[in-house]
Amino acid sequence: MKAQRESHSCHGVMVCIHGQGVLITGEAGMGKSSLALELVSEGHQLVADDVIEVSCSDNQLYGHCPNMLKGLLNSRELGTIDIEKLFGISATVESAPLQYIVELNPNPLPGKLEGQQQTTTLLQQQLPSIRLNPNAAASVSSRLLTWLKMQHQADANLELRRRQAAQMQS
């Protein structure tokens, strides 16, 4: 028997980075579409801008683009951009597995000294998420791509603690 499919619409931008769906959220004017445009210009794919249809099937979330918005990205500075015409058909994808959530927000989470990683629940699924400051010196794109790479490696904070403990025993 096939699992029942749930769905939900949310506001933001979704991109596909190396096959991994990333939902970018944040208040209006935070730079969600600008980040997506930068990622597309670096060779990643746009899934949807403004409205993302999220569904859950067999405990996996998927982000889909409504037909009316397919291939379009709206920038406050540039207006509506036809991504497929400017970057080619491979610059968009109709859907992707949703695996990460990034919130653009200039306010840090309280009490965090070792990164802003957390989890966010969407359609009863826990997803790794992070809050990034759109006004920080390093580009949001470089920090996002670094965080995604870090998701597949050992925790560097644990390595630092191991080294500190070894130093104290010397």
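The model is predicted. The chain has four helices and nine strands, and 39% of its 170 residues are buried.

**Overall fold**

- Read from the N terminus, the order of elements in the protein chain is β-β-α-β-β-β-β-α-β-β-β-α-α.
- Of the contacts in the protein chain between residues at least 6 apart in sequence, 67% link residues at least 24 apart.
- The protein chain has an accessible surface of about 10200 Å², and carbon and sulfur atoms account for 51% of that surface.

**Nonpolar cores**

- The largest nonpolar core contains 25 residues, and Val22 and Leu144 have the most contacts inside it.
- At least two residues of this core come from each of β1 (6–17), β2 (20–26), α1 (32–41), β7 (95–104), β9 (125–132) and α3 (140–150).
- Leaving aside residues up to four places away in sequence, Leu144 touches Ile17, Val22, Leu35, Leu39, Val102 and Leu132.

**Helix α1**

- Seven of the 10 residues of α1 are buried, and the helix is mostly covered.
- The buried residues in α1 are Lys32, Ser33, Leu35, Ala36, Leu37, Leu39 and Val40.
- An α-helix has 3.6 residues a turn, so residues three or four places apart point the same way.
- Two of the buried residues in α1, Leu35 and Leu39, are also among the residues that Leu144 touches.
- Gly43 follows α1 and has a positive phi, near 105°.

**Ser55 in strand β3**

- Ser55 lies in strand β3, which spans residues 45–57.
- The relative accessible area of Ser55 is 2%, and the cut-off for buried is under 20%, so Ser55 counts as buried.
- The side chain of Ser55 forms a polar contact with the side chain of His64, at 2.8 Å.

**The β5–β6 hairpin**

- Strand β5 (residues 72–75) and strand β6 (residues 79–82) pair in the antiparallel sense, with four bridges.
- The two strands are joined by a hairpin through three residues.
- Asn74 has Thr80 in β6 as its bridge partner.
- Leu73 and Ser75 form the covered face of β5, whereas Leu72 and Asn74 form the uncovered one.
- In a regular strand the side chains alternate between the two faces of the sheet.

How values were computed. Residues numbered from 1 in each chain as written. Predicted model: local features only at pLDDT ≥ 70, side-chain atom pairs only at ≥ 80, totals over all residues. Heavy atoms only, no water. Buried < 20%, exposed > 50% of the residue type's maximum accessible area, 1.4 Å probe, protein only. Polar contact = N/O pair within 3.5 Å; in protein donor to acceptor, adjacent residues only side chain to side chain. Core = buried A, V, L, I, M, F, W, Y, C linked by side-chain atoms within 4.5 Å. Contact = heavy atoms within 4.5 Å. Areas by Shrake-Rupley, 256 points an atom, 1.4 Å probe, with all protein chains shown as cover. Pairing = 2+ DSSP bridges.
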